[in-house]
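Please look through the sequence and the structure shown here before reading the briefing that follows. The points are grouped by topic, so that each can be followed on the model in turn.

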Amino acid sequence: MALDKILSIGGKPGLYKLLTQTRSGFVGESLIDGKRVTVSLRNNVSVLSEIAIYTLEEEVPLGEVFQKIKEKEKGAKTSIGHKEDKLKLEEYFFEVLPNYDEDRVYPSDIKKIIQWYNILHENGITDFSEDKKSEKAKVSDEEE
């Protein structure tokens, strides 16, 4: 499953799989406990494929960051928990993305990224490279 079907809903813990759209919003299923929720368009919702992390040079898509974590951990869950202290989280993230912008990427963002990676890993969603391939395919199609 691609990251464009995975959602973060403001005020609700964890991640949600997009099931269907309705007239007033959509239906999502929690990746943590499988419960379904109906979400209105007024809620703050983020699609993971649309999220990027600030670096000193550019913005790096979240899928690429997840891929770097996967490579660092050799395909396993993270060696650090999302509830670690600020210093440990920053050290870990610096190993994953050495040029991240420390002024604009907060420890709370790092906690979310680590937590989300582990939730995706537990649900068997570990192929983050396919998003880059599909984006490149879209760009080359548009150029033709």
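**A threonine in a loop**

In this predicted model, a polar atom of the side chain of Thr 55 lies 2.5 Å from the backbone oxygen of Glu 58.

**Around Thr 55**

- Thr 55 counts as buried because its relative accessibility is 3%, and the cut-off for buried is under 20%.
- Leaving aside residues up to four places away in sequence, Thr 55 touches Val 60, Leu 97, Asn 99, Tyr 100 and Asp 101.

**Helix H3**

- Helix H3 takes in residues 107-122, which makes 16 residues, and it reaches 23 Å from its first C-alpha to its last, close to the 22 Å expected at 1.5 Å a residue.
- The buried residues of H3 are Ile 110, Ile 113, Ile 114, Trp 116, Tyr 117, Asn 118, Ile 119 and Leu 120, and what covers them includes strand S1 (6-9), S6, helix H1 (62-72) and helix H2 (86-96).
- After H3 comes Gly 124, a residue whose phi is positive, near 75 degrees.

**The largest pocket**

- The largest pocket has a volume of about 400 Å³, and of the 19 residues that line it, the closest to its centre are Ser 46, Ile 51, Asp 109, Lys 112 and Trp 116.
- S1, S6 and H3 each supply at least two residues of this lining, and H3 gives the most, with five residues.

**Lys 74**

- Lys 74 lies in the loop between H1 and H2, and it has a positive phi of about 55 degrees although it is not a glycine.
- Most residues other than glycine have a negative phi.
- With a relative accessible area of 76%, Lys 74 is exposed, because the cut-off for exposed is over 50%.

**Confidence in the model**

- The mean pLDDT of the chain is 88, and 90% of its residues reach 70 or more.
- Among the elements of the chain, S6 has the highest mean pLDDT, at 96, whereas helix H4 (residues 129-143) has the lowest, at 46.
- Over residues 131-144 the pLDDT stays under 50, and for this stretch the model has three contacts beyond four places in sequence.
- Where pLDDT is low, the predicted coordinates should not be read in detail.

Methods
Residues are numbered from 1 along each chain as its sequence is written. This is a predicted model: local features need pLDDT of at least 70, side-chain atom pairs count only at pLDDT 80 or more; totals for chains, interfaces and linings use all residues. Side-chain values use heavy atoms; hydrogens and water are left out. Buried means under 20% relative accessible area, exposed over 50%, partly exposed in between (1.4 Å probe, protein chains only). A polar contact is a pair of N or O atoms within 3.5 Å; within protein, one must be able to donate a hydrogen and the other to accept it, and residues adjacent in sequence count only if both atoms are side-chain atoms. Contact means heavy atoms within 4.5 Å. Helices (H or I, at least four residues) and strands (E, at least two) are DSSP runs, numbered from the N terminus. The expected span of a helix is 1.5 Å times one less than its number of residues. pLDDT is the predictor's confidence in each residue, from 0 to 100. On a 1 Å grid over the protein atoms alone, a cavity is a set of points where a 1.4 Å probe fits but cannot get out, and a pocket is an open set with protein on both sides within 12 Å along at least five of seven lines; lining residues have an atom within 4 Å of a point. Grid points are joined across faces, edges and corners, and a volume is the space filled by probe spheres set on the points.
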